Structures are given as C-alpha cells and as structure tokens.
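My entries follow the display.

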Amino acid sequence: MTKPYHVTAIGNAIVDVLSFAEDTFIAAQNMRKGTMQLIDAPRAESLYEAMGQATEVSGGSAANTLAGMASLGARTAFIGKVSNDELGRIFRHDLNGAGVEFTTPTAMHNIPTARCLIVVTPDGQRTMNTFLGAAGEIHTADVDTSLVDRAQVLYGEGYMWDMDVTKTAIRHAFAAAKKSNTKIAFSLSDAFCVERARPDFLAMIREDFDILFCNEAEACALYPDKKFEEILDILQGQCDIIAITCGERGSLILTPSERIHIEPLRVNNVVDTTGAGDLYASGFLYGLTHGLPLEQCGKLGSSCASDIITHLGARPQKPLKRLLAA
C-alpha cells in the first residue's frame with residue numbers, strides 16, 4: 001500500500017532572527033563565521049541587543065526541508081517542539097500554512113520557543129547562534145510513530161545531537177522506521193555538529209542511514225586526518241545514497257556503484273545562504289520519493305538551493321513547483 005506521506009521529519013523547531021552585519025561584527029562578537037554555535041538565554045538576549053534591525057522568519061533545518069518539499073507538492077509531516085508563546089505560534093502557523101502537518105503538542109513547561117540569531121555578512125554567508133529552548137524538549141513520548149510508519153522516508157538533522165533527551169527521541173524514531181520499512185535520511189547539519197558527535201555519526205552512517213546529506217566541510221569533519229578524495233572512497237557504499245554539496249563546484253551523489261557529479265547553477269544575486277543545504281535536501285528528497293533518477297534528484301536539489309539564496313530566510317517565498325518544469 002502506498003504510504004500517505006513522502007517524508008516525515010524530526011527536528012528542532014526554531015524561529016530565525018536575521019540581521020545584516022559586516023565581518024567586523026562577527027569578529028567583535030567572537031563568532032566563527034559560517035558555522036552554528038549553541039548559546040544560552042543571557043547570550044541570546046545580549047546578542048539580540050547588539051544586532052541591527054532584524055527580521056523574524058520561521059526556520060529549523062528539517063522544518064525548512066519539509067516546507068520546501070511541500071512547496072514542490074509533496075505530502076509531509078513534522079515532529080518538533082514549540083511553546084505556547086508568540087514565536088511558537090508563529091512557527092506553528094507558518095509550517096501548517098506551508099502545507100506541512102505539524103500536530104506535536106506544545107511544551108508543558110514555561111520554556112521559550114527556540115530561536116536562532118543569524119548574522120548575514122555582505123557575501124551572503126550566515127553565522128548562526130542558536131538558543132534551543134523548547135526545541136530541546138522533544139521526548140520519546142512526543143514521537144508520533146504513526147507519522148513515521150506512514151512515510152516513505154524519515155528525515156533527521158544533526159542539530160538534534162546536542163542533548164541526550166533529543167538523541168533518545170530520534171533514536172526511537174529510527175527504530176520505528178526500521179520496523180515499518182521507512183527509509184532513514186539524515187543531514188549532518190554543521191561541521192561543529194560532526195566534531196561534537198563524530199563517533200555516533202560514524203556508527204549511524206554504517207548501521208542506520210539509508211540516505212545521507214552533508215556538505216564538503218561536514219564530510220571532512222568526519223575524517224579530519226583524511227583528504228577529501230580519500231573520504232569519498234571511505235564513504236562510498238556505507239549508505240545507499242550519499243549527497244555531498246560542494247558549493248561553487250556543485251554536488252556529488254555517491255551510491256555503492258557510481259559517482260554522479262551535479263554541475264552548479266550560477267546565481268548572480270546571492271542575498272542569504274541560510275537554508276541552502278536544507279532546500280537541496282527538499283529537491284533531492286522530492287525527486288527520490290517521486291521516482292526520479294538520481295541525477296535529476298540532484299539537479300532539482302540544486303535548483304531549490306539556488307532559489308532560496310536569492311532572498312532572506314530559509315523558507316520559499318514563491319511556489320517551488322515552477323522549478324519542476326525547468
């Protein structure tokens with residue numbers, strides 16, 4: 001029987017707070033440009049005060065991927081945690097409005113909805129500072145396994161690997177996926193995530209994942225003493241499909257028997273690279289769950305990523321269905 005959802009994802013429910021700034025601001029705030037770091041509530045407050053004019057946009061890596069898939073016409077569902085506060089209501093409204101099913105109950109405790117303070121420099125690069133808040137309150141009981149059972153693919157994000165409670169929840173989702181013949185896809189999310197959780201990620205690549213998404217920096221962080229070409233040799237065959245984005249060089253798709261290079265798309269008006277990897281996964285997973293050849297999956301992923309970086313924020317502003325005819 002055909003499963004009703006193309007993808008169910010479990011991830012951090014986050015509202016992005018974006019502001020433009022010069023590289024000097026990044027240095028003055030002791031940030032590592034182009035990466036994500038976790039911050040506590042006082043740091044979130046002080047950084048927000050230091051930032052310039054800001055724009056609030058619903059985000060969260062896995063949620064962004066689902067919003068992109070829904071914009072393409074896929075049926076998707078999300079498992080994540082928000083509070084019953086202003087940002088939580090914005091997040092739930094935006095995700096449901098995008099066409100993604102999101103019914104996870106709100107957090108029971110008085111913990112604010114997660115927010116990611118994103119500084120965008122003139123080159124379009126984003127530097128992220130995340131206060132997890134309620135997003136870190138996903139427990140095993142919050143995982144609606146019926147949503148996993150009824151999906152072709154379960155998609156998870158590496159950003160969840162910073163708290164024991166969320167690691168337990170996502171492992172519970174993995175177990176449900178294996179029982180129901182649901183494929184498991186995972187994004188390494190950030191080189192910092194890989195550095196913090198390398199042994200777990202290496203084990204899960206071998207034992208759990210059917211589909212892996214990462215960029216070149218994240219792949220290199222898996223094997224810090226190896227060159228990129230050596231890493232490709234090591235990774236190939238560990239999962240059914242591995243998609244590696246390589247910035248201006250396009251992307252690589254590895255299967256046990258082949259390597260497919262996807263040419264990059266030229267984008268002249270880069271505004272904000274936030275969500276580029278998330279939307280690559282949107283296009284790729286849409287293609288995969290609709291029976292497209294892997295090369296077309298990669299090309300659609302590139303098209304979605306190229307579209308998202310032309311405006312502020314990581315959610316589509318125009319329906320992505322138009323890319324299907326390109």
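Buried means under 20% relative accessible area, exposed over 50%, and partly exposed in between (1.4 Å probe, protein chains only). Contact means heavy atoms within 4.5 Å. I note that this is a predicted model, in which local features need pLDDT of at least 70 and side-chain atom pairs count only at pLDDT 80 or more, while totals for chains, interfaces and linings use all residues. Residues are numbered from 1 along each chain as its sequence is written, and side-chain values use heavy atoms, with hydrogens and water left out.

I found Leu87, Gly88, Phe91, Arg92 and Leu95 buried in α4. They cover an arc of only 135 degrees around the axis (taken from the directions from the helix axis to the C-beta atoms), which puts them on the same side of α4. On the face turned away from the buried side, I recorded the exposed residues Glu86, His93 and Gly97.

**α6 and α7**

I then looked up helix α6 (residues 164-179) and helix α7 (residues 191-207), whose axes come within 14 Å and cross at roughly 5 degrees. The two helices are therefore roughly parallel to each other, a term for angles under 35 degrees. The contact is made by Lys167, Arg171, Phe174 and Lys178 of α6 with Asp200, Met204 and Glu207 of α7.

Key
Helices (H or I, at least four residues) and strands (E, at least two) are DSSP runs, numbered from the N terminus. Axes are lines fitted to C-alpha atoms, for helices over the stretch in contact, and angles run from 0 to 180 degrees between N-to-C directions. Angles under 35 degrees count as roughly parallel, over 145 as roughly antiparallel, 65 to 115 as roughly perpendicular and the rest as oblique.
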